[in-house]
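User: Please take a close look at one part of this model, its strand pairing. Then set it in its surroundings.

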Amino acid sequence: MIFDVVHQSLQARQRLIPVQALLGDAKGSRLPEVSGRSLNPQLAERAVEVCPTSALTLHHIPGGHVQLRMDYGECIGCGHCAEAAPSAFHVTETFTRCGVTRGGLVRRWDTTTGLEISPEPGCDPAELAREIRSLIGRALNIRQLDAGSCNGCEAEITALTNPYYDLERFGIHFVASPKHADMLLVTGPVTRNMAEAVRQTFEATCAPKVVVAVGACGCSGGIFAGSYAVVGAVDAVLPVDGYIPGCPPTPAMLMTGILEVLRRWKQKMRTGQAEEHRPVRVSSSQLLVKARL
Amino acid sequence: MIPDMLGFMRHTNTTESLHESLRSGRLVSVFGTKGGEHKLSIHYVVDAGASGYQFFQFAVDRPVTSITPITPAAAWYEREVHDQYGIEILGHPDLRPLVLHENWPEGVHPMVTAVGSVPWASGLYPFLEVLGDGVCEVAVGPVHAGIIEPGHFRFSVMGDRVIHLELRHFYTHKGTEKLFEQSPVARGTLIAESVSGDNCFAHAVAYCQAVEKAFGVQVPPRAAAIRLVGIELERMLAHVADVGALCGDVGFTVPAAYASRIKEDLLRVSAACVGTRYWRGIATPGGVNRDLLSAAASSLAAAVERASGEFASLARKVLNTASVQNRFEGAGVLLPNVARDLAVVGVVARASGIALDVRRDHPYGAYTEHVPDLPVFHYGDVLARARVRIEEAVVSAQLITKIAANLPSGPTCSAVDFEKDAQGFSAVESPRGELLYWVSCRRGQIARCHIKSPSFQNWPALPFAVADNVIADFPLINKSFNLSYSGCDR
């Protein structure tokens, strides 16, 4: 009976995670953090060697120094670096580079001194938590768009609506049509077969068309970069406002990223930097695909 | 060591023996390979029951005669081989492009030719048209109304009733099989994990087992047990989520939310016990990357037991609800003869009266000692598929609690030397059904990796279940199959 189901549900303990505990949390994401103090050229080299994507790379700079470059946008969280060089790399439980610019996903260290080079800050979870009501206003409508993902990101985005995260408490809804959406949450590398549909979905979205690239594939193509059937990361086709890395990003990282993109968008609006006209990156003439939608 | 090893050795390569085998056996997969000097071969895999998986390999020096007229299950496979390798297939009833959409120029076959930059082409895909007064076409997708993967459905309806449904998939085709080629054997696990995200552990284990078989590596018992825990947990997650989503699709949101909470409980306990929510990065050729220590194992087992209890009691109440029965019962019937013809696997097969499960039929890893019970239902409707899922989730939970409480002691990984040339295959019962990996390695790299995903096998059966139902029931029927788009499209 319906009442039995409702009765059992009502007896269950509440699981809602308070927003302060949610933002910046990255447990289970497997993303690595670099301990600059214990970094040395040998450890950096060992980690770069085992990295399956080009997330970790070494760069020789004039003066004989070697820089370690960590691009979180390409990291698939395999944990190989933490296994190969455990003193300098460890899996992190907090992560604040969600919803930032593409450049904000990249960090650099001098491998000899172990110092981080002019770090761009991540987002500030405490500030986001304070501002949450003013950021969202009354409602934010998100249209999730799968541009060719493996469905790992979809599983985590679906989890945002469960009773632990309950996105609706902030007035954030997932909508069925791009015409109802303020934000496109785009997952996956853009495949050749989806490129035209991605472009058309963007065009059907109402201004301001905030675009968020989700996951390693969305940020950089991830493990699929370079495949014959993949056009590239989301920003190969659409103008992207913020990036949420991870393979897949956890629901907490998604939440943090969505808010940070909004915060930066509002700031742009205030300073008058928001673009009026946002064309797609690739024009229809470049994608001579007769859409069959 | 593994019973179907014998079947793998036996290459009885005549067309007669293939046809003979198909008469009594079940078609598992068809795929192409490219040898030296561009010599192409076509391979057929048949499940011959007690005598294991049989492999047939034919050199392609002239057009291949299609087996689709005698084995309809081969239809998509032959279309795929045609797209990938340009192998001519004679007598196939429908050789329209499958994987490569209209944006591909004709005559480009990505598995044979180097495809650096392929020019964009345009064209129209000829959908099957249903003619007659009052017949309407409804086009859905590729972008769907929800957090779902992309794919196109073309319905021909008369009023509310669906006369015909045509699928147009492969929007998420990522060239995964080609991506495996030339990549180091160890890296292959990471690609396998990204084939179908919600079944990532089953894919990783299937790939690792294929590699282990190729190189003759024995997995330590402790690692095999940990893999079993992971695979069963993944199955439980899938089934709990699916039953919840089925409730959501009939507007019964309370159990939908409840099930999503149970799933999240399990994901969080996974993150706490093994550091990853979906068991990514755990499986590796030779064993597992991460040990399940006894404290973690017991907290996992306790969480699973609690989740299973809550889920079973919820599911019982859901199935007792009249409005649910009304929607589930008799909707989307997949008849056993259709299911058999299309060689469907997994939950879909077991809900249509076909007792089929790799864990029982061709046991691997720790399943050689722990054979699970097999719930089988005969009606082939949404209700039957929901029941299979509910019972399987409970069986999985029992397996997890049993194994996690007595993990064998010892190492968690054996060393593997990838240098020699080797071939191997492995089948795993993923949450969606039989998943097979066939790998061929050369000098530490993958020369070819074929993935038979259960979704690729089951998608063609969906239109048969949908036909004659009202179009409004489509989301429900589709959800009851719950097939992966990415796993199918690869």
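Analyst: **Strand pairing in chain B**

Strand E7 (residues 152–158) of chain B pairs with strand E8 (residues 161–168) of chain B in the antiparallel sense, over seven bridges. Helices (H or I, at least four residues) and strands (E, at least two) are DSSP runs, numbered from the N terminus. Two strands pair if DSSP finds at least two bridges between them.

This is a predicted model: local features need pLDDT of at least 70, side-chain atom pairs count only at pLDDT 80 or more, and totals for chains, interfaces and linings use all residues. Residues are numbered from 1 along each chain as its sequence is written, chains are lettered from A and ligands numbered from 1 in the order in which they are written, and side-chain values use heavy atoms, leaving out hydrogens and water.

His152(B) has Arg168(B) as its bridge partner in E8(B). Two residues lie between the strands of this hairpin, where Gly159(B) takes a positive phi near 65°.

Now the open sheet. Its three strands follow the order E1-E2-E3 (chain B), with antiparallel pairing. Strands E1 (26–34) and E3 (53–59) of chain B are the edges, each pairing on one side only. Neighbouring strands are turned by 20° against each other on average, direction ignored. Axes are lines fitted to C-alpha atoms, for helices over the stretch in contact, and angles run from 0 to 180 degrees between N-to-C directions.

E1(B) and strand E2 (residues 40–47) of chain B run antiparallel, joined by eight bridges. Val30(B) has Tyr44(B) as its bridge partner in E2(B). Helix H3 (residues 75–85) of chain B packs on the sheet, touching E1 and E2 of chain B. Contact means heavy atoms within 4.5 Å.
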